[in-house]
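This report is written for a reader who is new to the structure shown below. It goes through the chains in turn and then turns to the contacts between them.

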Amino acid sequence: MTNAHLPKGWEMVIGLEVHAQLQTQSKLFGRASTAFGAPANSQVDPVSLGLPGALPVLNREALRLAAIAGFATNCQVHSQSVFERKNYFYADLPKGYQISQFHRPICTDGLLKVRVDGHDIEVGIHQIHMEEDAGKSTHTNQGSLVDLNRAGIALIEIVSEPDLRTPEQAVAYLKELRAILLYTKVSNGSLEQGSFRCDANVSVRKVGVTELGTRCEIKNLNSFRAIRDAIVAEANRQIRRLKQQEPITQQTRLWNADKGRTEAMRGKEQAHDYRYVPDPDLPVVVIDSQRLEQWKADLPELPAQRRARYMEQLSLDEHTAWFLCEEPDRARRFETMLGSEQSARRAKSIGSFLSVRLAGAINRAARQWHQIDLVLVELAEVHDQWRDGLLSNKMLTDLLHDALSVEDDIESALANARAKVGLIEQDLDALRDVIDQLIEANPKQASAYRAGKEQLFGFFMGQVMKALKGKANAKDASAALRQALQSSD
Amino acid sequence: MSEIKIDAQAVQNAARLARIAICEQEAIELAKELDEVRVWIDQLQQVDVEAIAPLIHPNHQQTPTRADIAETPINREQALANSPQTADGHFVVPRVVG
Amino acid sequence: MSTIEHQTLIAVAEDVNQGRSSALEIAEQHLERIERIDSKINAFVDVDRDQTLHSARAVDNAIAKGQRNLPLAGVPISIKDLIAVQNRPLRAGSKILGDYRPAHDATVVSKLKAAGAVIIGKVSLDEFAMGSTNESASSGPVRNPWSLDSVPGGSSGGSAAAVSAKMGLASLGTDTGGSVRLPAAFCGAVGVKPTYGRVSRSGVVAYASSLDQVGPITLNVRDAARLLSAIAGPCDHDSTSVDQPIDDWALACEQRIESMRFGVVVDWLERLQPSVADAVNQAAQALCDAGAQRVDITLEHDHLAVPAYYVIAMSEASTNLARYDGVRYGRRAQLEAGASLDQLYARSRAEGFGPEVRRRIILGTWALSSGYYDAYYDRACRVRRLVRDELTAALSHVDVLLGPTAPRTAWKIGDTQMDPLTTYQMDIFTTAANLAGLPAMSLPWGRDDQGLPIGVQLHAGPWREANLFQWGTALEAAAPSLEALPKSARDLREINCD
């Protein structure tokens, strides 16, 4: 496979580890809330503080979500799994160990189909395991400040096989995975809140070589862009070293976005010895097969299925289908606006209305998508009016701009904007007069049209619009023009 | 098992993993004591356990689960009350280099 | 109100329930005794007179309002300082916890309170329950009430000494490898280690999570049955507690053993102090005299229980005790400016933990570390299965196993012969029950020629505590009286409070 990011003859091998926060009310083993953004150390409990005598009790919703993640990525979901302690000391790790899964995780051997540049690739999922999140340290001159609100929140770690060969594949895999977690409501997938975090394992080798090179793990990747850039930078760093006969040391590196390079983590040179040991506080996790079957049967439509449905049933093009299906909310908005009038033509038109017109307007007004949720049906009406020529492109742009730039509630803002912009009201008699005059003034063209030169219709249409200064209902104008051209002689 | 021995180096390594500061002299003395215990423990090597699965939980079939309900078992003030050093609602430790 | 000498837990609870005694008077009586004699025994590490009297009054009020069925009404009970009592210091016999005060009661303590018990104080223990002598507590050694220069046994030494000296009518201890039974034996008390999972560990400082159980220490078997009934049962804060039917243990105490079978492990009679061997033989004979049938049993893997136990206990301890780091609670070392986080940990833990705790953490860390895990921790867990299977198989043929609790009676405080390795081997008869998760009981059977109490031990199958109580009362009825006391302890034990 050729790779535009690397010198000729080299390829990179990428495996990804994704930590996704499960959407639960309470933590994995403790009972404190998981709500984001609370004051430091206000959402803690004996378990997440590591108090003497505090014991973990498993949150059954976290277990269900982890299993669902497994089913949605075609994993084997095991009826038995084991929690282990991963022992190390750190300020934001209150118990001195993290409860995680290692030897017997809940899900193994999955597979994700990912579409990149018009081709499908298959990415193996090595395993998905449950674990606790760590707390958060803020480093100041007075010392590091530790907040344990996040400590103990339920995570799954999704470990891919090293099946990815380009940064584009890596990003496509991550987007697909994130969409799946959103569709299944396993995670809110927010990169900003840190509920979807990625570490990348990168190694390089000469094309044709089958053994894996020594890999480095890159952390601190908090956007898709960072992931793409960091992988390219790291692969090139490794190739430079190899070309100079310098060995690659297996290590953990941090992405420095400002300098555009990965850097070895300081102070972490000592080899870890995590001393994994089955957690004696937690007997084996057992899910009976009936419940597993039920969860599997209850899986919602996944992004790939929905894309296929949009392309087959609604004849959407691939690009639009991808855009609409990337987030379930987007697809939901699309389907709400589509309503019951599901012709392929209208679907395509609404798809582009959403992905071009609305997306542009929301971007320009710096608003959030969820803010239009209350007016989806009204927006569908606006779309239909635009499609029917009752709104020109310019009128639509103005309308959306007005509706979104006001801080009012969106319902009245949209109503006001619609009233202000109005609709193209056609005086059909006046329209016919204009058309008749034009035909009279251009007899040669009219005869040619009637003789079969149909492309001249556009010429007349342009003249009509020009005469009406753009304030014409294109649908009515075109119907009237066609009629007039055919009947005149 | 005869090649395994707890020497001062092994003690220092375990003490470092366990975050317990010990000086060289202590490591030497501890190594001697602990290696005696190790020799005694090595009785366990006499028996063939290849076909025996490890036993962690003597009386348990499976872990129980709880409903996903958020509570406030400990408030912020209680959480911080026992700490040797706090600031601004946080626990404070020496600055960690990132 | 009866004098302290003649009180039993059950009788006091009945008297208080019926309004014949007040919880307040009982509490005052015991507080006064603690004040009078504990300076010699050093069992208590925390006594809060006001709080104790306050809860005694609350019990009296409940009774005045018509409450009649509190199983522990007005019973003064001490709590091993490994178990959380709300807003009271929890030190685990260590310096490292500093002045830590838990915000909640341990489940067992809430259950005691709900049953009408009055918490009389926190009692001493070996640091983090690691020891058999109660010499390692940061509050100094506890003395055996039967002989003040002898150890009370450990790690629940404060509990057994307090009960034996009648400071409180019962105590809660914890048993990881014999820590309830050994001190009960050394101090002439009854100690029960329940089936693993029978009693909640929530709020109990963990030593070795898969082995620890809270158990009662009392002066007689029926009292132990009453107390265990009050604290047993599943807990939704402990994933290892199990919802198993709780039999009527009071009833079990009254059931006969005629024509039932008990086992004697013949290897357990070897290498005992002669008076201990005599005691076990007499006890076996007494059971036969009562019509029970003796079955001699040999166990192939039993001798591996103690080393397997120590590997598992130390390994679990090394990770359980990682949380004591001087960050969120507890004692932090004084550090020079610029010290690192790792220095904070290493210095706080070196200063905060005593030598035996440091030794066990380091050895446990080693046994879990890369290269040794398979040969030590993993292997010990496999041996654990051998020990468990063999013991439960034996117990499927007989109701109980009878044997000694310890190979000898209490030794002298500061005995230099008792180095760590020798002391570990004192657990030879107690650790198997913890490895196997089985219930076991130690109860007194006379005294040796030094006047020190001897303990005999019963093991039963999982969830069959009823067997312990049934056979325990039978043994108790036949056992030689402990009444006559050596001079050294007489002053202490015979003090009345009239």
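Chain A is divided into three parts: domain 1 covers residues 10-291, domain 2 covers 303-421 and domain 3 covers 428-487. The C-alpha centres of domain 1 and domain 3 of chain A are 64 Å apart. The model is a predicted one.

**Sheets and helices of chain A**

An open sheet of chain A is built from 9 strands with mixed pairing, in the order E3-E7-E8-E11-E1-E12-E13-E14-E15. Its edges are strand E3 (76-77) and strand E15 (261-264) of chain A; each has a single partner strand, so one side of each is left without a neighbour in the sheet. Within this sheet, strand E8 (residues 119-132) and strand E11 (residues 154-160) of chain A run antiparallel and are joined by 7 bridges. One of the paired positions is A:Ile128, whose bridge partner in E11(A) is A:Ile158. Strands of a sheet pair through backbone hydrogen bonds, either parallel or antiparallel.

Two helices of chain A lie across strands of this chain. Helix H4 (residues 224-243) of chain A lies across E1, E12, strand E13 (216-221), strand E14 (252-256) and E15 of chain A, at about 30° to E12(A).

Another open sheet of chain A has 3 strands in the order E6-E5-E16, with antiparallel pairing. Strand E6 (97-100) and strand E16 (277-278) of chain A are its edge strands, each pairing on one side only. Strand E5 (residues 84-87) of chain A is joined to E6(A) by 4 bridges, and A:Arg85 stands opposite A:Ile99 in E6(A).

A:Gly422 follows H12(A) and has a positive phi, near 70°.

**A buried strand in chain C**

How many of the 8 residues of strand E11 (residues 453-460) of chain C are buried? The count is 8 of the 8, so the strand is largely enclosed by the rest of the structure. In a regular strand the side chains alternate between the two faces of the sheet. Both faces of E11(C) are covered: C:Pro453, C:Gly455, C:Gln457 and C:His459 are buried on one side, and C:Ile454, C:Val456, C:Leu458 and C:Ala460 on the other.

E11(C) has antiparallel pairings with two strands of chain C. Strand E9 (residues 400-404) of chain C is joined to E11(C) by 5 bridges, with C:Leu402 and C:Leu458 as bridge partners. Strand E10 (residues 440-447) of chain C pairs with E11(C) over 6 bridges, and C:Ala440 stands opposite C:His459. The hairpin of E10(C) and E11(C) has 5 residues between the strands, and C:Gly451 in this hairpin takes a positive phi near 85°.

**Loops of chain C**

Most residues other than glycine have a negative phi, and most peptide bonds are trans.

| Residue | Phi | Loop | Other C-beta atoms within 10 Å |
|---|---|---|---|
| C:Asn134 | about 60° | between E3 and H5 of chain C | 35 |

The peptide bond between C:Gly154 and C:Ser155 is cis, with omega about 5°. C:Ser155 lies in the loop between strand E3 (118-123) and helix H5 (157-164) of chain C.

C:Ala208 sits in the loop between strand E5 (190-193) and strand E6 (213-218) of chain C. It counts as buried because 25 C-beta neighbours lie inside 10 Å. C:Ala208 and C:Ala317 are 109 residues apart along the chain, yet their C-alpha atoms are separated by 5.3 Å. Leaving out residues up to four places away in sequence, C:Ala208 touches C:Thr176, C:Ile312, C:Ala313, C:Glu316 and C:Ala317.

**Contacts between chains**

The contact between chains A and C takes 24 residues from chain A and 31 residues from chain C. On the chain A side, these residues divide into 15 nonpolar, 4 polar and 5 charged.

The contact between chains B and C takes 45 residues from chain B and 58 residues from chain C. Helix H1 (8-17), helix H2 (24-41) and strand E3 (90-93) of chain B each supply at least two residues of the chain B side. The largest share of that side, 7 residues, comes from H2(B). By class, the chain B side has 33 nonpolar, 8 polar and 4 charged residues.

Technical notes:
Residues numbered from 1 in each chain as written. Chains lettered and ligands numbered in written order. Predicted model: local features only at pLDDT ≥ 70, side-chain atom pairs only at ≥ 80, totals over all residues. Contact = placed C-beta atoms within 7 Å. Nonpolar A, V, L, I, M, F, W, Y, C, P; charged D, E, K, R; others polar. Pairing = 2+ DSSP bridges. Axes fitted to C-alpha atoms, helices over the stretch in contact; angles between N-to-C directions. Domains from an automatic or database assignment. Buried ≥ 20, exposed ≤ 12 C-beta atoms within 10 Å, placed from the backbone.
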